[in-house]
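Let's take a quick tour of a protein model, one topic at a time. Have the structure open as you read.

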Amino acid sequence: MTTTAQPQRRRRRTGSRAERRFALLFLLPAVALVLTFRIVPLLWGFGLSLTDATGLQQGQFIGLGNYAEMAGDPNFRAAMRNTVILLLTLPVWVLLPMILASLIHLGVPGGRLYRSVYFFPAVLSSVIVGSIFNVVLRYDGALNALLGFAGLPAIDWLGSGSTALLSLLTVQLWATFGMSLLIFLAGLSTLSSEMIEAARLDGARLWQVWGYVILPAMRPIIEFVAVVTTIGVLTNMFGLIYVLTAGGPGTATTLPEFLIWLEQGQMGRPGYAAALSMVLFALMAGIAWIQIRIMSRNAGL
Amino acid sequence: MTFKALLIATTACLGGQAMAQTLTIWDWKSGDPVAASYFDAVREAFAAAHPGVTLNFVNQPIDQYYTLLGTALASGQGPDVFLLNGGAQARARMDALTDLTPQAEGLVGLTEFQDADGAVRALPISIQGFVVYYNKDRYSEAGLDPEAPPQTWAELASACEAINAAGAVPCFALGNKEGYGAEFFLSSVGASMLSEQAQQQFATGDLTWSSPEIAAILQAWVDTQGMGWYQPGANSTAKFMDEYEMFMRGDAANTIGLLSDVAHWKQFEDFLGAESIGAFRHPAPEMIADHAMIPVAGGIGYGVNAAGGNVDLATALVETLASAGPIQVFVNDAGVVPANTAVDTSGLASPTAGTILGWLDSSGVTMAHANVTAEELAEWHRQSQLLLNGETTVEAAAARMDDVQKAAHGG
């Protein structure tokens, strides 16, 4: 009402303010959602991590007590050691689907069949995958029976400290590489076929086509898969651990998310579990940040 | 306005009334087919005394039960009545439960459900404990007398040697994937090796894991593996039910089983036949009495959520759940050992059940693992697996257990 009474010049300025307000109105739903479901829980979790809350009591403020306890907790250290081992296997998680996707893209016979077969496990839930591999990997399971036929000694794949984590990672790789493969195939489909054809006409061998044409062009996709896979293995292996090893033997397959669940559910210590979650969050944010930095640096190439 | 207010008031009243007439009960038993007749008897008895009340039994998965319960209680969404294991699990949740001491008359096995002041916080329905069940056919095949099971550690060791020599099956079925096998072993061997005073001190944290008494149990755990008592791959075998299925298939000569609920004489007899099953008390290397003891505890019991909407009605329901009438049905149909002393057990035809019931008075002692803290149990799960794999030593494992014990008791 008052704005209409204002002189022309003032009105234009208020008009732009109204526009800004209008824009805010459009932003509001998104901002409210992010605040309610992302930022507030994060801050709440951080607040919880500074208390000694149990499942039944609110808990006292203990400052960084939980974080100090973590430093001396052998189970936390074991979970971190397992995380490092897991991160060291990252090249396999990226290279395997990339090589297979390239081969399918280059037109190996039956490529379409391979594509479907590789992707198939990605639609199974981790509990189902775990149950399947429980049958395969248990001591009296299918794999050891196969080894027996070949005259080789049986191995307690899931119950021995030296093989449990690698068995678990292999199962997770089997279950999820189909998704990465699909991402690589999508990336490859944007690759100009003339380039590959030109390289071939110039007499390039398969590995040369791969190394000099496909690999450089696929760089952004590789980085994307690396980021997504890292986050995936650090946050999505709970189901498999739960079904296959329950974190054991000892702490051989205890990853941070499983430890968080143990402390929250079994030990009834949400405060300590929240502190562990904060560390896992910081770890993931750090890894993602490094990877995005590499990505943006390469974007300038 | 008046109409609106009236409408709101009516809705509130109706809503409140509807809430009051439904009791939600959480457990992991009500979906069990063998317990169905017991729950029918409970519904019938409760409906007679409190007509119009709906009982909503929610059968939760046992392996996630305490996680779900903890989350529900913490958010104020807990059920009116819930089932608990006696000992550490019950003690960890006593703050959430009402005092049921006046309702506990005539019940035994109450210790595991009492708080620090002696108030009973849940009413046990069964007695729980461990004995060794053995397959008489496997004993005969190994040249052992099936009617004279081992009474001492030396006899058990030589029986296992004979069974191993026969080569058909391992001496014991063992499932230690979640560490439960080691829990059962600790309590079974501890029952015969620890005095009541030592048990008390172990529970309060005054007797450490590296003390000679407890370290001897850890050593026995390692020794049994060294003597080849167990099948390979025990650390990747689930106790419930892979271990017991192995025993019920006849693929092992012995197993440490329960007295009530599952993996007990009735279930084994149903599978292998009553004539093939026997039980003995787990011997230990150095026994304090002239015979082995069995660890006994108040098995499982229902408690009332103090924050629930209708505590009085819930208390009446828990009383019904523990009362002699329905429990008698439970004993007859599911073969549990009852906590209610008014229940008649003379009708149980099984000779094994008779043997076990006879031990309750003379040989029943504290169940060691049920009295240690949840933190110690979780760490014992881990250390027991490492010990079984030979990936740690008894000294190192005991030292780690000491740290956890000290921290758990606020040291």
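**How chain B is laid out**

Chain B splits into domain 1 (2–125 + 299–354) and domain 2 (129–296 + 364–408). Keep in mind that this is a predicted model.

- Going by C-alpha atoms, the centres of domain 1 of chain B and domain 2 of chain B are 31 Å apart.
- Where they touch, domain 1 of chain B puts in 13 residues and domain 2 of chain B puts in 18 residues.
- On the domain 1 side of chain B, the touching residues are six nonpolar, six polar and one charged.

**A helix pair in chain B**

- Helix α7 (residues 180–193) of chain B and helix α9 (residues 212–226) of chain B have axes that come within 10 Å and cross at roughly 125 degrees.
- An angle of 65 to 115 degrees would count as roughly perpendicular and one over 145 as roughly antiparallel, so α7(B) and α9(B) are oblique to each other.
- The crossing of α7(B) and α9(B) is right-handed.
- From α7(B), the contact uses B:Ala182, B:Phe185, B:Leu186, B:Val189, B:Gly190 and B:Met193.
- From α9(B), it uses B:Glu213, B:Ala216, B:Ile217, B:Ala220 and B:Trp221.
- Sorted by class, the residues in this α7(B)–α9(B) contact are nine nonpolar, one polar and one charged.

**Where chain A meets chain B**

- Chain A brings 21 residues to the contact, and chain B brings 23 residues.
- The chain A side that touches chain B has eight nonpolar, ten polar and three charged residues.

Terms used. Residues numbered from 1 in each chain as written. Chains lettered and ligands numbered in written order. Predicted model: local features only at pLDDT ≥ 70, side-chain atom pairs only at ≥ 80, totals over all residues. Axes fitted to C-alpha atoms, helices over the stretch in contact; angles between N-to-C directions. Helix = DSSP H or I, 4+ residues; strand = E, 2+ residues; numbered from the N terminus. Parallel < 35°, antiparallel > 145°, perpendicular 65-115°, else oblique. Left-handed = near helix turned anticlockwise from the far one by under 90°. Contact = placed C-beta atoms within 7 Å. Nonpolar A, V, L, I, M, F, W, Y, C, P; charged D, E, K, R; others polar. Domains from an automatic or database assignment.
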